[in-house]
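Hi everyone, thanks for making the time. Let me bring the model up on the screen, and then we'll walk through a few parts of it together.

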Amino acid sequence: MGTGTSKNSTDDDKEESGGQLYVSLKMENFFYYKLKGELFPHVYGSVPLVGSWDSSRALPMERESASSWELSFVVPPDHETLDFKFLLKPKHSNLPCVIEEGPNRLLTGGALQGDARLSLFRLDNDQVVEYPVLIKADRVSPFDLAASWRAYQENLQPSTVRGIPDVSINDQPPTPNGENGSSTSLELDLEDYAVPAPAIAPDSSLVYAANLTENPRLLTYEDAFSVIDDGSSSPALSFKDVACSPDRPETIQGSMPWCLSLNLHYLVDEEMEVTVIDQSKVYSSFGMVESKSVGTLCPLLKQDSYNRGLFVDRGVGSSRLVKSISASASTLNDLRLDNEAKNSMPAAAGAVAAAAVADKMLRPKEDRHLAIVLVGLPGRGKTFTAAKLTRYLRWLGHDTKHFNVGKYRRLKHGVNQTADFFRGDNPEGMEARNEVAVLAMEDMIGWMQDGGQVGIFDATNSTKERRSMLMKMAEGKCKIIFLETICNDESIIERNIRLKVQQSPDYAEETNFDAGMQDFKNRLSNYEKMYESVEEGSYIKMIDMVSGHGGQIQVNDINGYLPGRIVFFLVNTHLTPRPILLTRHGESRANVRGRIGGDSVLSDTGQLYAKKLSNFVEKRLKSEIAASIWTSTLQRTIITASPIVGFPKIQWHALDEINAGGCDGMTYEEIKKNMPEEYESRKKDKLRYRYPRGESYLDVIQRLEPVIIELERQRAPVVVISHQAVLRALYAYFADRPLKEVPHIEMPLHTIIEIQMGVSGVQEKRYKLMD
C-alpha cells in the first residue's frame, strides 16, 4: 500500500535545535495526460497550508520528473499540526476538483498520524485511480534555511553578463598604462611575481624525452655484474663501483652481495633462483658493464634520482630468460597477473568508456591491446610525437606506456657509440640493435598481458625486415598500427639535429659540438641508405605535419574508436612554440562564503584581480601578433576577462565549472551535515564521484577533450580563464599527471600558470599577482 514517512521529534529536540519543520509531500506514478481534462495534483487544508479548506486556493504540486510531483514548505513553529488532503484540479477550467477519498491526513510535530495509505480518487465516470504518496518531515535550523534562501535568491538574480556574445572581437588596442590606472597596474616586472611551480615531476623541456620512457623489466643474471671476461666459460664477477645495500633480505641465498638494479622486477641469486623484490626498497646503483657486441667497457647512463641503476645484460642475440632451479614448478610467466583478473577498462566516462565496452564485446581479444609502432628517420620528431600521444591517451583514461628502444640501447651498449654502429653493413651493430628492439617489444607485450592497454614503441624501425619481426611477435597478442613521421623541411631537420646533439645522452661526453653534429649526420646518412617507407599493415603517415602549416596525413586500414581518436589528435598537433596561460576567475562572492557552484559575481578582491590580470596579459603578450581569451559561460569568468582589451574573447560551455547538481550552492559543511552519504562517497573517490544529478571529474575530462584538441591546434597564445575543477583537469594533461591526482591538484586563486609548448617539450611557470 501507500507509504508515508516522517521524522519524529520531541519537544526537547525542538527546544535544543531551535529548528523548524521542513515538510515534503510527493505523489508518484502520476501522469496528468492520462486523465480526462488534464487534472493536476494539488494540496489543500488548514493553516499554515492555505488557511482554509477552500479548493480554489489549493497549492499546486510541482513536477519533479515525468511521473513524480512534489510540494515542500516550512512550517512555522506555532503551527506544527497540519490537517490536509490531496486533490486533483483542472489547470485552465472551472471543472470541479476531485478530492481524495478517506479521512484527512494529520501531521503532528513531523509525525504522520494514522496508517500510511495510497491517495485514492474517484472520477466522475466512476473510474478509481490511486497513487503512492511520500510524506517526509525534517527539522532544519534557521541558519540552514537562511543560507538556502540566500543561495536561491542569488540564483534568481539576472546575470550581469547577459547580452555579451559568445564570441566578441575587441579591436581596441590596450592602453599604455592599463585602463584601470596606476592603483591596479603591476608595479614590478613580471618576473617579480613569479613563484616556484610544484616539484612533482621533472620539467620535460629540460630532460631528454627518451629518458622519461619505460625502463627495461625483463632482466637476467647472465653477465649482470660482469666487467671481466677472461675467456673462460663463466665470466668472473666484479662488484667494483657497484652500490650495495647492507640490508640483505633473508630470501637471498649464497654469498652474492645485495646489489640492486634499475626498476628490477626480478633478482637472481648465485644459484639462479628468481626472487621477487620490493621495489620500494630499491637503492640507486651505478657501475660498469661490458658490451659484448662492441667489446668495450661503458658507464651506464646516469638517470634522475628515481631512474638510476644497473642494466642487467642478457647477452647479444640471446633469447633466453633466466629460469629458477625449480622451473618445472614455476616460470616467469606465472608471476604475471591474469589479464582477465585485472581491470583493463580505461578510467573514463562517456564515449571512451562506451568504446572500450564495445571493443571488449565485439573485437578480437588481441585488438583490445594497441601497439603504436613509430617509424621514421632520426631527427623527425618521433620521440616528441610519441610523448605527446602518450600524454593524451593517459589523460583520456587509457593505461599507456612509452617504450623507447634508444634508451634500451644506451643502457645495454653504452652511450659512446659512433655512427659506424648504425651502419647497415655492420652485422654486430645490426644484431645488437635488433636485440634491444626485441627486449623492448617483449617488455611491452608482457606489460599488455598484465593489463596494459596502449603501448607506444619508439624506434626508427626503418626496414621492412624489422617491422615484419615486430608484427610476428605481436601476433595474437596486440594490434599494431605503424606511425611514420616524414619531414622534408631541411630547416626543421637541422633544428632537430641540433637539439638532439644538445640533449641526447649519446653526445653527453662529446665536448666538441661540431663533431657531434657531424657524427649524427653520418648516423642519419647510414639510416637513409637502408630506409624503407611503410606500405604494409595498418599505418598512419604524417608528412610535413610538424610545422602546423599544411602537410598531409595518410591512413590505411584504420578503424575503431581509439585509432580514430589518435588520428584526430595527430592531425591537430604541431611543434610551434606558444604560451598557454591558465588562471581561475577572480574571487567570487560564493568563494567568500565557501559555497560551491552557482553563478555569483566577483567580490571586491576578485574585481581587483580582474584589473591586475588585464595589466599582466597586456605586458606578457605585448610582443605577440595574435592571441585569444577563452572563458566559461559563467559570469565570474566573463567579468574577470572584461577589463582585457585588444584580444578576441570566446565563451566555452565546456569550460564551465563541474556541475555540483543537487549540491549546487551548498557548503561542504552543509553537505556533510545534510547529505552524509554523499560527503563520504566523494571523500573516498573524488575522481569518480558524481554529484547527485551532476558531474564527476571523469565527466569533466570527457567534455574538455575538444578544448585540449583546440589548444594543441592553436599556434597563437591562449589565455584560459576558468574554474578550479576544470583547470585541474587541463593542467593534468600538460603536466602528465595521473588521473587519480587530478582532484587534488593545487589550483590557487589569483595565480597564473604559464604553459610553454614547443619542440623541446612543456615548460611551466607560475605568477602570483595577489595573495
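Let's start with a question: which residues are buried in helix 17? Before I answer, a word on ground rules. This is a predicted model, so to speak of local features we ask for pLDDT of at least 70, and side-chain atom pairs count only at pLDDT 80 or more, while totals for chains, interfaces and linings use all residues. Residues are numbered from 1 along each chain as its sequence is written, and side-chain values use heavy atoms, with hydrogens and water left out.

Now the answer: Ala725, Val726, Leu727, Arg728, Ala729, Leu730, Tyr731, Ala732, Tyr733 and Phe734 are buried. Buried here means under 20% relative accessible area, exposed is over 50%, and partly exposed is in between, with a 1.4 Å probe and protein chains only. Because 10 of its 12 residues are buried, helix 17 is largely enclosed by the rest of the structure. Helix 17 covers residues 724-735 and reaches 16 Å from first C-alpha to last, close to the expected 16 Å at 1.5 Å a residue; that expected span is 1.5 Å times one less than the number of residues.

Stepping back, the chain has 17 helices and 30 strands. These are DSSP runs numbered from the N terminus: H or I with at least four residues for helices, E with at least two for strands. Of the 771 residues, 51% are buried.

Eight strands form an open sheet in the order 13-27-26-28-25-29-30-14, with mixed pairing; two strands pair if DSSP finds at least two bridges between them. At the edges sit strand 13 (167-168) and strand 14 (194-195), each pairing on one side only. Strand 29 (751-758) and strand 30 (761-768) run antiparallel over eight bridges, and Glu754 has Lys765 in strand 30 as its bridge partner.

Next, Glu536, in the loop between helix 9 (513-530) and strand 23 (539-543). The side chains of Glu536 and Arg467 make a polar contact of 2.6 Å. Setting aside neighbours within four places in sequence, Glu536 is in contact (heavy atoms within 4.5 Å) with Lys464, Arg467, Met471 and Phe482.

Last, cysteines. Cys478 counts as buried because its relative accessibility is 7%, and Cys487 does so at 5%.

Conventions. A polar contact is a pair of N or O atoms within 3.5 Å; within protein, one must be able to donate a hydrogen and the other to accept it, and residues adjacent in sequence count only if both atoms are side-chain atoms.
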